[in-house]
Amino acid sequence: MKHEKLLIIIICFVGFLLRIYNIDSVPPSASLDEASIGWNAYSILKTGRDEYGTFLPFVLRAYDDWRPALYAYLVIPFITLFGLDAAAVRLPSVLLSVFTIPAVFLIAKKIRPGSESVAAFLVAISPWSVYLSRLGHEANLGYFLFIWGVYYLLSYLKDIGEKDVMKATILLILSIYGYQSEKVIVPVLCIILLPFVFRHSKKILPAAAVGLLLLIPFMFQVFGGKDLTRFAGTSAFNTDNAIYTSARASYVRARDGGIIFDRLYFSEPATSVRIFMSNYLSHMSPKWLFTGADRESHKVPGMGLLYYWELPFLLIGIYVLLRFEKRIIKVFFFSVILCSIIPAAITTQAPHAMRTYTMMPFLHMLSAYGLAYAYSRLKYKIFFVSVVSVIILQGMYGLYTGYFIRFPNEQSDSFQYALHKAVDFVRSGSYQKVVYDNRDNLYQSYMFYLFGTAYDPVLYQQSGGTVSGGYDKTHTIGNVLFEPVYSAKKPDTLYIVNAGRAIVGNVVAEFRDLDGTVKIHAMSL
């Protein structure tokens, strides 16, 4: 037992190092979401209200995308200790990610004893996990609550413990308040596992009662329309998009030509099903999972979400689970993976690593099961361990160079690095009037200004706060105006504009991304 505890501590320490190293500069600057979460947490700390003046908000309206507020509350103690910066917003995610590693260890041990250390280690060094855990984002909170909830759910299914089902209920419902994806995953997973959960119905009655109470705020949120507003903005089933337009044209031709099959195939319901299946299956693509281009969303440059060498062991792991495990374990394990894809399948930008984050540890567990099984069957064990160790070290070196060196230098534009530098420039000067463009590289510049200057929430709310988070909205903060800029009109005004815009005036300063590209100019007459 002592050796086991020491081993998990070492694995967690490795995971912590990969997640905390240069956390203030990699990613290179606060992202759009991190700036919003950070400043709203700061505002709640100082005034009890968010940027819109809502007292202790249950959800953050943010950029009119209505995100869960729970992560922002976790950020508050870190801002209190370290001040308002990117590192303070990211630290809760780092810690939450590290604290999921023991849960993976315990889940793997319950299913296939002997593979748990490998499973925990693979998650600790996972490119998928390292990338997302270093973002100050609510996805990490939802993932943390979900994984621990799943562990206690598995414990209940195997051991029929009342305490386990109560813990599982509380954690899984709290995960719904953590991140949007869990609002889909948790209900679907519970429906699938319902026959197994109800085998001892008397034991789950207290947990069911607590669960219903915890769901009351969520139901108000759903019927209040905020979740529906969020879904409408990201839905893959927007009938105005090109797929539906093309399908409607084909449907009309089929109807006029009397082609029954084509009428069915190109009907709106059938088109929706095709979109869902295409999005869903894209997350099972080996190319997406195991390889990577120089620039893909939420992926380390040049790497897959999983290490390429995991593929054969993952396939062996699938065989092992299907061949040797009990039915309830098979249903449980693969249900978690398959349910995890649904949120990304019904929204845009599929495949999507963040919206399917909850399946990440289970794929690594499959690889671990495959590795453990291969090790048990091979005669030359030392040779096998040596080869695998070299391959793992090579993969970790690729993770280091891809994430810590290439990623910040090649993708600083994704984090609006130049805009942060422009905010620093304005803050260090003394200007009578400043006008920020709010397009392109200056998208949502008002929030980066609030965040970068740690603007006083009291003053901001006294001036009216935010009216709308829409990207095209005009904002005024003190002597600073945020609106589309087409020309420099006033001689006593500093204009912060996108480089290359046809603005008449003198360039006072220019701001570059880390790759050297000039993105923003400070101009005046």
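These questions and answers walk through a predicted model.

User: What kind of model is this, and from which number does residue numbering start in each chain?
Analyst: The model is predicted: local features need pLDDT of at least 70, side-chain atom pairs count only at pLDDT 80 or more, and totals for chains, interfaces and linings use all residues. Side-chain values use heavy atoms, with hydrogens and water left out, and residues are numbered along each chain, as its sequence is written, from 1.

User: How many helices and strands does the chain have?
Analyst: Helices (H or I, at least four residues) and strands (E, at least two) are DSSP runs, numbered from the N terminus. Counted that way, the chain has 22 helices and eight strands.

User: What is the radius of gyration of the chain?
Analyst: This radius is taken over C-alpha atoms, and the globule rule is 2.2 Å times the number of residues to the power 0.38. For 525 residues the rule gives 24 Å. The chain comes close to that, so it is as compact as a globular protein of that length; its radius of gyration is 25 Å.

User: What percentage of the residues of the chain count as buried?
Analyst: Buried means under 20% relative accessible area, exposed over 50%, and partly exposed in between (1.4 Å probe, protein chains only). Of the 525 residues, the buried share is 53%.

User: Are H4 and H7 roughly parallel or roughly antiparallel?
Analyst: Axes are lines fitted to C-alpha atoms, for helices over the stretch in contact, and angles run from 0 to 180 degrees between N-to-C directions. Under 35 degrees counts as roughly parallel, over 145 as roughly antiparallel, 65 to 115 as roughly perpendicular and the rest as oblique. The axes of H4 (residues 86–111) and H7 (residues 139–159) come within 9 Å and cross at roughly 20°. H4 and H7 are therefore roughly parallel.

User: How many nonpolar residues are in the contact of H4 with H7?
Analyst: Contact means heavy atoms within 4.5 Å. Ala, Val, Leu, Ile, Met, Phe, Trp, Tyr, Cys and Pro count as nonpolar, Asp, Glu, Lys and Arg as charged, and the others, Gly among them, as polar. The residues making this contact include Leu96 and Phe99 of H4 and Phe144 and Trp148 of H7. By class there are four polar, three charged and, for the nonpolar group, 15.

User: How are H7 and H8 oriented to each other?
Analyst: The axes of H7 and H8 (residues 162–176) come within 8 Å and cross at roughly 155°. Among the residues that meet are Leu145 and Leu153 in H7, and Val165 and Leu171 in H8. H7 and H8 are therefore roughly antiparallel.

User: How do H7 and H18 lie to each other?
Analyst: H7 and H18 (residues 360–377) have axes 11 Å apart and pack at an angle of about 50°. Tyr143, Ile147 and Val150 in H7 meet Met360, Pro361 and Phe362 in H18. The contact has six nonpolar residues, no polar and no charged. H7 and H18 are therefore oblique.

User: Which residues of H5 are buried?
Analyst: H5 spans residues 116–124. What covers its buried residues includes H1, H4, H6, H7, H16 and H18. Those buried residues are Glu116, Ala119, Ala120, Leu122, Val123 and Ala124.

User: Is Thr271 buried or exposed?
Analyst: Thr271 is found in H14 (residues 268–282). Leaving aside neighbours within four places in sequence, Thr271 is in contact with Ile243, Tyr244, Ala247, Tyr265 and Phe266. Its relative accessibility is 1%, so Thr271 counts as buried.

User: What is the relative accessible area of Glu410?
Analyst: Glu410 is found in H19 (residues 381–410). Not counting residues up to four places away in sequence, Glu410 touches Asp294, Arg295 and Pro301. Glu410 is partly exposed, with a relative accessible area of 33%.

User: What is omega for the peptide bond that joins Ala350 and Pro351?
Analyst: Most peptide bonds are trans. The bond joining Ala350 and Pro351 is cis. Pro351 has its place in the loop between H17 (327–345) and H18. For this bond, omega is about -5°.

User: What is phi of Ala62?
Analyst: Most residues other than glycine have a negative phi. Ala62 is found in the loop between E1 (59–60) and E2 (67–68). Ala62 counts as buried, at 2% relative accessibility. Its phi is positive, near 50°.
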